Amino acid sequence: MERVRVQIFRFFMAVAGLALLSGEIQAGEVARATWYGGAYAGRPTASGEKFDPWAMTAAHPTLPLGTLVEVRRLTKNSRNGEYHSVVVRINDRMPGKAGRIDLSEGAARALRFRDLGGGPVEITPLKLFADAR
């Protein structure tokens, strides 16, 4: 039984890798980031877990659930002139097309976007997982 699970896992990882190579998932994709927070706390996400506004998570329309991505702010911090980045896990879906990502409030704070409502970011997949849904 364990051998079958390993084969299934390898198959899904291969499919996720092909999606990256085929251009469905762009490495270094520029997107518009927004955020959602406390009003959704405790509600189920597309992955089935409860939404935690302070967890480093995000919603994306096409990336497989469970994928780890680096989200890098493309505008400098006005205080110190630095670019900020954060690693988030895709655990939810959002309506719309690619080119958008919806961050948890915690991730938005880490990027210094919370008070701005969002902004331009670069999304780079770090580790792809097959979408179970």
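S104 is buried, with a relative accessible area of 0%, where buried means under 20% relative accessible area, exposed over 50% and partly exposed in between, computed with a 1.4 Å probe and protein chains only. The model is a predicted one, in which local features need pLDDT of at least 70 and side-chain atom pairs count only at pLDDT 80 or more, while totals for chains, interfaces and linings use all residues. Residues are numbered from 1 along each chain as its sequence is written, and side-chain values use heavy atoms, with hydrogens and water left out.

**S104 and strand β5**

S104 lies in strand β5, helices (H or I, at least four residues) and strands (E, at least two) being DSSP runs numbered from the N terminus. β5 is mostly covered, since four of its five residues are buried. Leaving aside neighbours within four places in sequence, S104 is in contact (heavy atoms within 4.5 Å) with W35, Y36, F51, D52, P53, A55, M56 and T57. A polar atom of the S104 side chain lies 2.5 Å from the backbone oxygen of A55. Y36 has S104 as its bridge partner in β5.

**How the strands pair**

The chain has two helices and six strands, and along the sequence these follow the pattern α-β-β-β-β-β-α-β.

| Strands | Sense | Bridges |
|---|---|---|
| β1 and β5 | parallel | five |
| β2 and β5 | antiparallel | two |
| β2 (residues 57-59) and β4 | parallel | three |
| β3 and β4 | antiparallel | five |

Individual residues show how these pairings are arranged. A58 stands opposite L103 in β5, T57 stands opposite R89 in β4, and V69 has V88 as its bridge partner in β4.

**The nonpolar core**

A nonpolar core is a set of buried Ala, Val, Leu, Ile, Met, Phe, Trp, Tyr and Cys residues joined through side-chain atoms within 4.5 Å. The largest one here has 18 residues, and V71, I101, L103 and V121 touch the most other members. Two or more residues come from each of β1 (29-36), β3 (68-73), β4 (85-92), β5 (100-104), α2 (105-110) and β6 (118-127), and β4 gives the most, with three residues. In soluble globular proteins, nonpolar side chains tend to be buried together.

Not counting residues up to four places away in sequence, V71 touches H84, S85, V86, V88, I101, L103, L111, V121 and E122. With the same exclusion of residues up to four places away, V86 touches M56, V69, E70, V71, A107, A110 and L111. The C-alpha atoms of V86 and R72 are separated by 6.6 Å, although the two residues are 14 apart along the chain.

**Two partly exposed loop residues**

Y83 is found in the loop between β3 and β4 and, at 43% relative accessibility, counts as partly exposed. Its C-alpha atom and that of R72, 11 residues apart along the chain, are separated by 7.2 Å. R112 has its place in the loop between α2 and β6 and is likewise partly exposed, with a relative accessible area of 45%. R112 has a positive phi of about 65 degrees although it is not a glycine. Most residues other than glycine have a negative phi.

**The chain as a whole, and confidence in it**

Of the 133 residues in the chain, buried residues make up 37%. Among contacts in the chain with a separation of 6 or more, 75% are accounted for by residues 24 or more positions apart. The accessible surface comes to about 7,800 Å², of which 55% belongs to carbon and sulfur atoms, the areas being computed by the Shrake-Rupley method with a 1.4 Å probe and, for residues, with only the protein chains shown counting as cover.

The average pLDDT of the chain is 78, and 71% of the residues score at least 70, pLDDT being the predictor's confidence in each residue, from 0 to 100. Over residues 14-23 the pLDDT stays under 50, and for this stretch the model has eight contacts beyond four places in sequence. Where pLDDT is low, the predicted coordinates should not be read in detail.

Conventions
A polar contact is a pair of N or O atoms within 3.5 Å; within protein, one must be able to donate a hydrogen and the other to accept it, and residues adjacent in sequence count only if both atoms are side-chain atoms. Two strands pair if DSSP finds at least two bridges between them.
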